[in-house]
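Work through the following exercises with the sequence and the model in view. Each task is followed by its solution in steps.

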Amino acid sequence: MKNLLVTQIASIIVERSVERSRVEPRPAPNTRAIMSKYCSALAALLLAVIPAQAASKINVMTATEDLASIAREVGGDLVNAESIAKGYQDPHFVESKPSFLLKLQKADLLVVVGLQLEIGWLPPLITQSRNPRIQPSQSGYMDMSQFCQILEIPQGQVTRAMGDVHPMGNPHYWLNPDNGRRIAKALADRFSAIQPANAAQFVQRYTEFDKHLTEAEKGWDAKFAPYKGRKVITYHRSWPNFCERFGLVVVDYVEPKPGIPPTPAHTLDLINLMKRQGIKLILVEPYFDLRTPNSIAAKVDGQVLVLMPSVGGNKEVTNYFQLFDYDLNLLLNAFSKIK
Amino acid sequence: MRITYRLMPVPVMAFLLATALSAQDSTELLNRMKAMEDRIHALEAEVQTLKGQPVAAAAVPPQPQPVAVPEPIAQPAPMEAPPFLGGAGGAAAKVLNPDISVIGDFVGAAGNHGGRATPSLEMHESEVGFQEVIDPYARADFFLSFGEKGVNLEEGYITFTSLPAGLQLKAGKMRAAFGKVNTTHNHVLPWIDRPLVTQNLVGGEDGINDAGLSLSRILPAPKGLFLEGIAQVFRGDSDGVFSATRRSNVSAVGHLHGYRDLSESTNLDFGASYARGHSPFSDGINQLYGADVTLHWKPLRRAIYHSFVARSEFIWTRTSVGSADLPAKPFGFYVSGDYQLNRRWILGARFDRSQRGQCLPTVPETTSACPDPSITPASFFTPVYSAVSRGNLPLLQDTGGSILLTYLTSEFSLLRTQFRRTSYGEGRTANEFLFQFQFSMGAHGAHPF
Amino acid sequence: MDTLSFLLAPFIASLILTGIHAYLGVHVVERGVIFVDLSLAQIAALGTTMAVLYGIEPHSSGAYCVSLAFTFIGAAVFSTIRGRDVRIPQEAIIGICYAVASAAAILAMSKSVEQTEHLKEMLVGNILTVSWYEVGKTAALYGVVGLFHFIFRKKFLAISMDPAKAEADGINTRLWDFLFYASFGFVVTSSVAIAGVLLVFCYLIVPSVGAMLFSARIGPRLAIGWTMGTVVSALGVYLSLKIDLPTGATIVCTFAMVLILMALFRQFLWRKAA
């Protein structure tokens, strides 16, 4: 039985690598016909170089730092993971700077959040990257939303009158450790496919990550258990996955509609709502203006918490575990004071 | 489809197995798990080849939907126990329609125009964009503009994204990569109008916009510097800049684009451009030289509230009649700055100055006393240009200044006002108040940097 | 919380702004230096940025002193540029000062990271979120400035309306110009912090321009300006809540609308009456 499995693995690995070499950027015949002749000499040179590069380390570019952090956990020394957006930046609004092109050009794998989070800045970068491996639909392009549990998928008609809605669901799904685990799993699989020789190591690292995360989750759940069911207000719809996982109830938002800055009537409604229901906490991402949340908090005698939606949001949050440590500690402190 | 359904339990099982296993530390189990995973991959790859869809999408059973339904409407998952993985199945629902966007541009003007009249109220341009990936090797972009004079193919080209050696090829009709303003669509401009130098020397609103090929490559450069070279060949027909009377009258445009991050929030973008083609004014060559610099500042933590952009462009032209170069080399430039005061308000200013040959066409037309260039043969302008060259008709110089205030109602619409004062070379001064409503629908238009 | 108490603080704040700015606007329009407020506010912002860059806490009195010192330097520059040489318009120099101060502030901010990014937030306010403490502080401050201007009103008006005559009368125009710009900078910096640059600009210019349509004398102009400011403030704050639009932008638009109505009234009805 065991032997049979081993041979099966071996054959699959061989198959994989054959398939991979098919996916490598060898231009299709019709493209080649369009290219002028002198380009093909250069192409041959490039083809000789790329597999050699890939054999050493996997170059991973991610859209956000959370994905980069998980990629580092799973890939260890075998991957170079770097994020385009910084953790303290609003991932909806990133400038598509040419300096990112240089990094994308060398990437073996591009990992994105998907669900139209990056739609305002990533597509031109991908097109201009001149990197055939990471074009959407190629094997070097991974949309993580395909692997994760997605909340707030709009039902029925979607229009812009609803604000800047994401018609495919809420893209802030990485804020649930379960989805973090799914992301890690998908990455481990993809890394193994790219470097079959190190597949065992990726699986090993994923297993460790999974174990570590399960333990951490036990700790978080234990500490947070007394505060399940607490009501909060959030600035943007960044926290549904987080709140669902840890049992918080998001009652309303500071933004009247996603992407629309606070308006007076909505602010007044919010103040009255918070007073009526005794809600004291407003959760804000670090890239939003604190003026309106602060003034609301002052009127309801509440508190504004700047929670980190991403790894790298501030200096203390440098990996996926610390992201939850930091946010949950902040919440615990606030809850224990409010009573 | 059937294969997908049959596959569903497999990743779920693998997932459950994986969590169950984590507690124990048995290598044999790990091996078995891995073997199963690999088999899943093999099967997934098979599905992929069968469906021509990415591996990832195979995890979600795509809902059969009629082609006419444009946007994904989530339907309950057909299975009960495990969590529903994946979004609303956008890839499946979108089928193969391109991303469609429509941008409306309503412009009004008041005040004294000093010779270059624009309508008081105008549905200036409605741009319809179709953009989609065509196949694994290319994508296509189409921009049709519906103006008051009719429909115009503003741009329509294919981009080959998978060429080797870091090359990228575009073929079709496109705005030439001459400087910054020439490549920019109306709705991305930070102003309501285009600067004087564009109107006088680079063909006005349409600019150098022609059918041709464009090849570009990222060039090797020292660390931290981004360099890109663009070489383009066009048919050679652009109103007021180039005109092709023979097939051999092709025009060529070259652009060198540099970029450097000065800090996390500040960066500098610069370029040099050259364009050459058959002159519309004489039987000779029209050449344009350009230099552009843009400074961007956007603090990452407050990216949606504050930013500053300073830009400037300098353009020289020279036309030769026959083999002899003319000494008249009209020059023009603009300097402009935009400061985002808060989430919704942007304050801007622009100073521009440009020379032009007297009685030579500009876009829009300045000098009604001169014949209409669209119905006048190029030969008419040859003596005019000779007169300009001999100094009998000195170059005229237009100077203008603008102050702009933009209000962003949301990400998809804006209201802009511009106060513009221009002194034209003929001695007339225009004081104008312009306003603009801009609104877009459809797919988010992401703009290149 | 009912609507009234929610809107009371912004409304009182806008009344305070009307009070001082409609008056200062008369001077500014008379002098033809309407962008001076933007320029001085930017210079003050540069001061705070520099203070933060050198490690002073942004909310401390130290930072405030540095920003005030910068404002005074700006005031000194503006008071010296009003010479006999009319080749360079004053507005051009004010514009250059604005551009230089903005650029310098941006350069300074790009040097340091975290703190300065939040700094802009502190410098540009939103009138809806103004607190009672801020309202009280501003009222006291403007009271002092207003009193100062009231005591020396003859001199201030003389140098604004007819500088040549004032000089002939033996008034030290440089000194009084400096005092004007210094007190003006003082006011504008605080106003911007509670209401934002654009709103302050409107409060400064629009009432005074509206009043100029109907009267050439100072007294009636002030009366018209104050009435207009009060009506627009009340209307703007109310409309912003009613149609749920951003308060600052609504007040700005209300100002524009009222000004257009006043111009039409002047054009078609006032002449017939006269």
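**Exercise 1.** Which residues of strand 7 (residues 225-234) of chain B form the covered face, and which the uncovered one?

Solution. The model is predicted: local features need pLDDT of at least 70 and side-chain atom pairs count only at pLDDT 80 or more, while totals for chains, interfaces and linings use all residues. Residues are numbered from 1 along each chain as its sequence is written, with chains lettered from A and ligands numbered from 1 in the order in which they are written.

Step 1: strands are DSSP runs of E with at least two residues, and helices are runs of H or I with at least four, numbered from the N terminus.
Step 2: in a regular strand, side chains alternate between the two faces of the sheet.
Step 3: the covered face holds B:F226, B:E228, B:I230, B:Q232 and B:F234. The uncovered face holds B:L225, B:L227, B:G229, B:A231 and B:V233.

**Exercise 2.** Find the strands that pair with strand 7 of chain B (pairing requires at least two DSSP bridges).

Solution. Step 1: strand 6 (residues 209-219) of chain B is antiparallel to strand 7, with eight bridges; B:L213 has B:V233 as bridge partner.
Step 2: in the hairpin of these two strands, five residues lie between the strands, and B:G224 has a positive phi near 90°.
Step 3: strand 8 (residues 251-261) of chain B also runs antiparallel to strand 7, joined by 10 bridges. There, B:R260 is the bridge partner of B:L225.

**Exercise 3.** How many residues of chain C are in contact with chain B?

Solution. Step 1: contact requires C-beta atoms, placed from the backbone, within 7 Å.
Step 2: 13 residues of chain C contact 16 residues of chain B.
Step 3: on the chain C side, helix 4 (90-111), helix 5 (114-123) and helix 10 (197-212) each supply at least two residues. Helix 4 of chain C gives the largest share, five residues.

Key. Two residues are in contact if their C-beta atoms, placed from the backbone, lie within 7 Å. A residue is buried if 20 or more other C-beta atoms lie within 10 Å of its own, exposed if 12 or fewer, and partly exposed in between; C-beta atoms are placed from the backbone. Two strands pair if DSSP finds at least two bridges between them.
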